[in-house]
Amino acid sequence: MFPDREFIMRSQGQVRFIQISSRVQMAAAGAATALLTVWLGTMGAAAVAKVYASHEQAVLLNREAAVAKSESRVQAYRDNISETTADLARRQKFIEQMVEAHIGGLPDDKKAGETVSDSSGEAAKTVRKVSEVLPEARGLAQIEAEQLAFVERLTRYADRRSASASAAIRKLGLNPNAIIAGSNGAEGGPLMRLATSADGSLDPRFQRMGMSLARMDALENGLASIPQVSPAHVAYVSSSYGYRRDPFTGGAAFHAGLDFPGPRGSAIYAAAKGTVSFVGRRHGYGNCIEINHGNGLMTRYAHLSGFKKTHVGEHVDAGTVIGAMGSTGRSTGPHLHFEVRIHGRPVNPRPFLEANRNVQQKDS
């Protein structure tokens with residue numbers, strides 16, 4: 001309780017006494033307290049609002065920083081895509097230049113009967129779609145389209161070379177498919193899978209290219225192993241394949257090869273690439289060299305005067321000097337007796353040497 005209080009006031013030179021009751025004092029104190037409470041509440045709310053505003057500003061700043069960082073990373077990725085695209089384009093150009101320099105131009109035209117796919121139309125659609133959805137990746141899509149076109153052109157090139165080799169093999173009376181089958185002998189080695197995608201799968205266009213190149217390689221290796229290089233540099237053949245009069249008995253006889261007459265010591269050449277399988281003397285043949293060319297093909301060079309250090313197991317190329325002309329064995333004078341045998345059976349060598357217009361004759 002507040003006690004009653006008296007207050008002295010001066011007014012116009014007179015002293016006056018004012019008495020304030022305890023009830024009035026209580027009312028005044030309550031009012032003052034209320035005013036103080038309101039003021040403190042207002043100030044507190046302002047302080048809270050200021051703190052909240054500061055927090056919101058900090059959050060916004062952090063968000064802005066994060067957005068700026070993301071934008072910079074996106075820009076970095078875009079710049080990286082641009083650089084990667086430029087690098088890939090240069091690599092693709094390099095590959096094409098090397099292929100053109102060492103193999104020749106790849107065909108762009110399409111011939112009737114060819115089964116090579118043509119992805120140019122679909123690839124163009126893909127480039128347009130990627131450009132619309134992800135413009136910065138347009139360069140990558142373009143390089144992919146160029147790569148697929150290159151793969152298909154290379155496949156077309158391999159198929160045409162295979163067709164040419166097959167035709168040449170058929171002219172020699174041989175079966176191209178047998179040549180291919182013969183190239184698949186004993187095989188083995190560690191497994192090294194080929195893939196064009198991260199999941200280990202292989203694009204069928206790349207698989208087709210690989211198969212076409214493998215077929216071309218088998219046929220051309222087979223063709224290179226067929227005797228087509230003249231084994232001696234002479235003007236004519238003195239005795240042909242087939243029936244003849246035997247030079248010793250004068251009676252009818254079968255001649256299993258071609259005779260090339262020439263000066264003693266003249267160079268003798270491998271008619272095709274292969275592996276030397278025999279060096280020595282054979283009855284009736286005298287000094288003799290035999291070369292295995294694979295696929296059942298073998299050539300024999302007889303009546304030699306020397307072997308030019310040729311040895312069994314040696315790998316020789318077409319046109320390699322393997323011996324010297326002589327007259328050893330059953331012979332009436334210096335000449336080369338040349339045979340072509342398929343699975344041990346003698347065949348006429350002339351079609352092999354005459355089938356190719358580019359039959360080479362080496363100077364001794």
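Reader: Which residue does Arg-282 form a salt bridge with?
Author: Arg-282 pairs with Glu-290, and their closest N and O atoms are 2.6 Å apart. A salt bridge here is a side-chain nitrogen of Lys or Arg within 4 Å of a carboxyl oxygen of Asp or Glu. Keep in mind that this is a predicted model, where local features need pLDDT of at least 70, side-chain atom pairs count only at pLDDT 80 or more, and totals for chains, interfaces and linings use all residues. Residues are numbered from 1 along each chain as its sequence is written, and side-chain values use heavy atoms, with hydrogens and water left out.

Reader: Ok, is Glu-290 buried or exposed?
Author: Glu-290 counts as buried, at 6% relative accessibility, while Arg-282 is partly exposed at 33%. Buried means under 20% relative accessible area, exposed means over 50%, and partly exposed is in between (1.4 Å probe, protein chains only).

Reader: How many salt bridges does the count come to?
Author: The count is 16 salt bridges. One of them joins the side chains of Asp-109 and Arg-160, at 3.3 Å from N to O. Asp-109 sits in the loop between α1 (22-102) and α2 (120-133) and Arg-160 in helix α3 (residues 138-171), so this pair ties together parts that are 51 residues apart in sequence.

Reader: What about Glu-114, which side chain does that one meet in a salt bridge?
Author: Glu-114 meets Arg-160, at 2.6 Å from N to O. Here too, distant parts of the chain are linked: Glu-114 is in the loop between α1 and α2, Arg-160 is in helix α3, and they are 46 residues apart. As for accessibility, Asp-109 is partly exposed at 40%, Arg-160 is partly exposed at 21%, and Glu-114 is partly exposed at 26%.

Reader: What does Arg-156 touch, leaving aside its neighbours within four places in sequence?
Author: Its contacts are Pro-107, Asp-108, Asp-109, Lys-110, Glu-114, Val-116 and Ser-117. Arg-156 lies in helix α3 and is buried, with a relative accessible area of 4%.

Reader: Switching topic: which residues touch the most other members of the largest nonpolar core?
Author: Tyr-301 and Leu-336 do, in a core of 33 residues. A nonpolar core is a set of buried Ala, Val, Leu, Ile, Met, Phe, Trp, Tyr and Cys residues joined through side-chain atoms within 4.5 Å. Strand β12 (residues 335-342) gives this core its largest share, four residues. Another core lies apart from it, with nine residues, among them Val-99, Leu-106, Tyr-157 and Met-209.

Reader: How many helices and strands are in the protein chain?
Author: The chain has six helices and 13 strands. Of its 364 residues, 31% count as buried.

Reader: And what pLDDT does the chain average?
Author: The average is 80, and 74% of the residues score at least 70. pLDDT is the predictor's confidence in each residue, from 0 to 100. Over residues 357-364 the pLDDT is below 50, and that stretch has 18 contacts in the model beyond near neighbours in sequence.

Notes. Contact means heavy atoms within 4.5 Å. Helices (H or I, at least four residues) and strands (E, at least two) are DSSP runs, numbered from the N terminus.
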